[in-house]
Amino acid sequence: AAMRHLPYFCRGEVVKGFGRGSKELGIPTANFSDQVVESFPSDISAGIYYGWACVGNGDVHKMVLSVGWNPFYKNIKKSVETHIIHTFKDDFYGEILSVVIIGYIRSEKNFSSLEALISAIQEDIEEAKRQLDLPEHLKLKEDNFFHLPEGNQ
Ligand code: ADP
Ligand code: MG
């Protein structure tokens, strides 16, 4: 179920998350609006994925993305969050984020400590970087999907 829908192209507005402190951990995650999340295939597996992302009509960067269940809503509501592997000068709430989700890294896990969580995410990021350097994955970086028409952000 993780791979069947891949590559998956999706775009939508970046909204405020739940302030779980991702940014404080050095790993900010841009949250998609409910509208985008609800349009996701319902059987796409929860877990961590890698792919490409761009904000507005900016450059295309490597990313890791999590599909998960939000405890805030008693786990009935899915959330989709993208960490772009790039340092941005400013936040980009309200902007249009475009992503292509290419591959699955792992399922969601519980971690015994914050250190364990952070080091798992750092491994996810390294895995994403390696995978995305493969020629078949680099190809998608140039996909027309990322070239938005003029005047449409
Ligand atoms: P929230 O709970 O509102 O999602 P986060 O701590 O997860 O807060 O921070 C996410 C926000 O940080 C994004 O919506 C975006 O505006 C900003 N941001 C800055 N750099 C990045 C990045 N490299 N990847 C994702 N979001 C980033
Ligand atoms: Mg977030």
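The model is a predicted one, in which local features need pLDDT of at least 70 and side-chain atom pairs count only at pLDDT 80 or more, while totals for chains, interfaces and linings use all residues. Residues are numbered from 1 along each chain as its sequence is written, chains are lettered from A and ligands numbered from 1 in the order in which they are written, and side-chain values use heavy atoms, with hydrogens and water left out.

**Exercise 1.** Follow the side chain of E81 to its polar contacts.

Solution. A polar contact is a pair of N or O atoms within 3.5 Å; within protein, one must be able to donate a hydrogen and the other to accept it, and residues adjacent in sequence count only if both atoms are side-chain atoms. E81 is found in strand β5, strands (E, at least two residues) and helices (H or I, at least four) being DSSP runs numbered from the N terminus. With a relative accessibility of 7%, E81 counts as buried. Its side chain makes a polar contact of 2.5 Å with the side chain of T29, and another of 3.5 Å with that of S79.

**Exercise 2.** Describe the surroundings of ligand 1.

Solution. Counting a residue as near when one of its heavy atoms lies within 4 Å, 19 residues surround ligand 1, the closest being G17, N31, I84, F92 and Y93. Then turn to individual atoms: an N or O atom in the side chain of N31 is 2.8 Å from an oxygen atom of the ligand. Nitrogen atoms of ligand 1 lie 2.9 Å from a backbone N or O atom of I84 and 3.0 Å from one of H86.

**Exercise 3.** Which residues are closest to the centre of the second largest pocket, and which element gives the most to its lining?

Solution. On a 1 Å grid over the protein atoms alone, a pocket is an open set of points where a 1.4 Å probe fits, with protein on both sides within 12 Å along at least five of seven lines, and lining residues have an atom within 4 Å of a point. The second largest pocket has a volume of about 630 Å³. Of the 28 residues that line it, K23, P28, T29, A30 and D91 are the closest to its centre. β1 (8–15), β2 (30–32) and β5 each supply at least two lining residues, and β5 gives the most, with four.

**Exercise 4.** Locate the cis peptide bond that involves P7.

Solution. The bond joins L6 and P7, with omega about -5°, and P7 has its place in the segment before β1. For context, most peptide bonds are trans.

Conventions:
Points joined across faces, edges and corners; volume = space filled by probe spheres on them. Buried < 20%, exposed > 50% of the residue type's maximum accessible area, 1.4 Å probe, protein only.
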